[in-house]
Amino acid sequence: MLKQLQIPSRRPIRIFLFVFGAILLLSAGIILVYPANASPLPSSKNSPQNEACLTCHNRPDFQRPMPSGETLSLTIDRTHFRDSAHSGISCTDCHTNISSFPHPALTAQNLRDVSLQFYTICQTCHADQYDQTLDSVHQKALAAGNTNAAICTDCHNPHTQPLLTDSDGSLLPETRSQIPQTCAQCHSAIYDQYEQSVHGAALTLENNLDVPTCIDCHGIHNIEDPTTASFRLKSPQLCATCHTDATIMDKYGISTSVLGTYVADFHGTTVTLFETQSPDQATNKPVCVTCHGIHNIKRVDDPVYGLEMKQNLLARCQTCHPDATSNFPDAWMSHFIPSPEHYPIVYYVTLFYKFFIPGILGPMAVFVVSDIVRRLIERRKGAKHA
Amino acid sequence: MSKTITKPKSAPEARKPVASRKAQAGQTKKDRYYQRFHWTQQIAHALLLSSFTLLGITGLPQKYPLSSWGQFLIGAFGGIETTRTIHHIAAVILMLLSIYHILDVGYKIFVRRVRLTMLPGVKDIKDALQSFSYNLGIAKKRPQMGRYTFEEKMEYWALVWGTAIMGITGFLMWNPIASTGLLPGEIIPAAKAAHGGEALLAVAAIILWHLYGVHIKRFNKSMFTGKLSENEMLHEHPLELADIKAGISERPVDPKTLRKRQIIYWPVAGILALIMLFGVYGFVRVEKTAITTLPLEEDSVPVYVPQTPTPPPTITPTQGSGAFLLASDTPIAYLPNGEEDGLTIAADSLDAGKLMLSKFTHQQPGQFAVSELAAVKD
């Protein structure tokens with residue numbers, strides 16, 4: 001075996017090809033697994049050309065009126081730009097239409113037009129992220145004519161954007177805690193709800209990074225439409241990402257069987273089956289957010305809104321079961337696994353059948369087997385089944 | 001053994017030997033045939049067979065919805081909602097069949113006063129033990145049994161018990177709001193547990209006991225032909241055969257008495273039937289359990305609510321404090337810390353211009369809540 005594996009030393013060309021192929025494979029592998037970052041642009045740090053631009057553009061009150069009546073600020077703060085992720089690239093790498101002074105005439109009619117004219121340049125270096133945005137709900141809204149829809153520069157100010165990731169490509173902690181405020185620029189009403197929720201409060205008041213920010217449920221660049229049937233059907237899995245993870249939940253004493261107990265009940269069974277069998281078909285059976293809220297999720301022991309209080313739970317039940325009365329909420333076992341303490345009737349019924357089923361089937365099986373054996377013996381003997 | 005899930009005989013002529021074609025062809029008396037099941041019983045059995053099977057194959061996947069076979073079956077029926085509908089339809093068929101059976105048995109008991117051959121007794125326990133001993137080689141002889149063997153009685157009463165449990169627990173799950181109006185809410189998941197456990201028991205028992213007893217051990221065709229041969233009768237139901245031969249298997253009623261009893265029974269049965277049918281109607285229609293539209297789970301806030309002031313993309317506050325120059329609440333310039341003091345606002349060039357002082361605890365524009373904007377200077 002060993003002999004066969006040895007590279008024949010007589011053929012140096014083969015060795016070369018082998019080594020070359022190995023290097024090629026390895027480099028392809030590295031390229032494939034390397035985190036998606038901006039592809040490098042050849043540019044020198046603090047390029048003198050940038051300084052030329054900043055001679056004018058560092059002026060704090062540098063601005064010009066737009067045809068729409070708005071005022072376009074043209075100030076670029078040198079300090080902030082130097083601290084940004086883009087400090088190493090030159091102004092004209094993005095502002096490709098500008099090569100001299102005076103600059104070409106601005107064709108944009110209003111402030112929004114300026115951003116809309118420029119943002120596609122981001123794909124030059126950030127092709128992966130840009131391509132992801134093409135599938136996003138923002139891009140769809142933009143394509144449908146809604147110019148308010150977020151584009152690259154709305155979340156990432158190109159002149160100030162600091163590095164968001166470490167060398168491994170994972171988000172820096174301070175970046176993570178700021179995400180909701182970025183989204184809040186356009187979704188401030190939702191942010192206000194989030195800020196009051198159990199997750200948002202933990203993030204903003206305690207800087208707790210275990211809680212989800214916007215992107216943990218909605219994704220980053222390929223943010224999909226959260227109002228579709230398919231998003232709703234798979235939303236329990238989103239919650240379950242953290243809520244079935246004991247390493248996070250144990251810290252807060254939260255049960256990790258919330259998904260299992262949900263799926264085991266009528267509602268969860270239906271939703272799970274819809275999700276696997278007809279993911280685009282809507283079902284009106286509740287998902288996590290139907291009872292717990294979406295951005296305004298409260299602790300279950302919240303003194304005002306907590307679902308632990310029967311009247312709060314009943315009110316939730318009644319959104320779908322309008323005729324439900326005070327006993328009805330107990331038909332849902334509140335994510336408990338039946339035990340002698342919680343839902344004892346269910347526990348003892350299940351226990352009864354654990355013994356009753358084998359208690360009936362066991363003797364039946366013994367009798368059937370004895371009957372088979374007897375018949376086989378008699379057949380061999382040629383005797384009659386008396 | 002033959003089907004146990006049938007009712008005692010109904011037609012008076014049922015147990016008389018039937019002259020089969022073979023018998024007419026001059027064969028021995030071994031080939032004489034005896035009527036075992038009336039045609040109404042055969043139809044009832046066919047309905048039971050179909051509804052039970054449907055209930056089983058639409059019900060068990062609901063007990064194991066995450067299994068691959070369960071999902072396959074649910075998909076084959078057209079999804080979980082359709083599977084549930086089929087299950088409900090089959091349940092109604094079984095309920096109607098049960099009502100028919102109750103009235104039929106009532107007629108036999110109160111009008112014809114037949115022998116109650118399906119009632120279990122001490123003899124059945126003895127027969128079961130003797131059969132088992134025989135199988136083990138201890139007893140020399142198999143027990144001699146009557147019209148219904150202990151195996152058949154066991155299956156019949158298991159079916160009665162099972163149908164009752166399934167009916168009650170099924171009602172609770174089908175009508176949770178009506179049920180929890182009287183009972184604790186916990187009864188619903190308890191009913192689900194019992195319904196699932198009982199289902200498993202019923203299907204397993206049918207496969208183990210019924211399938212072995214009448215199909216594998218020896219294919220007993222009497223439920224489909226309605227007849228058993230004398231040879232089979234001698235082997236399986238010798239005591240019944242003896243009774244038939246002795247002419248005591250029947251209890252003939254004279255037409256006058258029969259008529260008198262019928263006059264009493266039919267109105268009573270009619271009222272009972274109405275009550276039970278009304279019960280089935282209630283089963284299906286008593287409550288509207290849930291809304292049929294999608295539940296309202298919107299945040300009840302509009303999605304697009306830009307912050308005011310909207311931070312422009314060119315200005316860049318980081319940590320520290322600074323000021324926004326506002327024109328009609330739109331920031332048009334950012335002044336780093338300290339510089340705002342030296343700024344003069346040309347009142348003629350900026351309509352309603354004002355200066356907004358800000359403390360920035362975050363690194364990017366827009367990353368401050370409105371509450372963080374410290375002061376507004378005119």
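In the predicted model, B:Tyr304 touches A:Asn148 and A:Cys186, residues up to four places away in sequence not being counted, where two residues are in contact if their C-beta atoms, placed from the backbone, lie within 7 Å. This tyrosine, B:Tyr304, has its place in the loop between helix H12 (255-285) and strand E4 (320-327) of chain B; helices (H or I, at least four residues) and strands (E, at least two) are DSSP runs numbered from the N terminus. With 14 other C-beta atoms within 10 Å, B:Tyr304 is partly exposed, a class that lies between buried (20 or more such atoms within 10 Å) and exposed (12 or fewer). Residues are numbered from 1 along each chain as its sequence is written, while chains are lettered from A and ligands numbered from 1 in the order in which they are written. Because the model is predicted, local features need pLDDT of at least 70 and side-chain atom pairs count only at pLDDT 80 or more, whereas totals for chains, interfaces and linings use all residues.

Between the two chains, 75 residues of chain A are in contact with 73 residues of chain B. Several elements of chain A each supply at least two residues of the side that touches chain B, among them strand E2 (71-73), helix H10 (173-184) and helix H20 (344-381), and the largest share, 17 residues, comes from H20(A). The residues of this side of chain A divide into 35 nonpolar, 34 polar and 6 charged, with Ala, Val, Leu, Ile, Met, Phe, Trp, Tyr, Cys and Pro counted as nonpolar, Asp, Glu, Lys and Arg as charged, and the others, Gly among them, as polar.

Chain A holds 20 helices and 2 strands, and buried residues make up 27% of its 386 residues. An automatic or database domain assignment divides chain A into domain 1 (2-33), domain 2 (48-163), domain 3 (226-292 + 317-337) and domain 4 (342-386). The centres of domain 2 and domain 3 of chain A, taken over C-alpha atoms, are separated by 43 Å.

Within chain B, the axes of helix H6 (residues 150-174) and helix H8 (residues 187-216) come within 9 Å and cross at roughly 155°, the axes being lines fitted to C-alpha atoms over the stretch in contact, with angles running from 0 to 180 degrees between N-to-C directions. H6(B) and H8(B) are therefore roughly antiparallel to each other, a description used for angles over 145 degrees, as against roughly parallel under 35, roughly perpendicular from 65 to 115, and oblique for the rest. The residues of this contact of H6(B) with H8(B) divide into 12 nonpolar, 6 polar and 4 charged.
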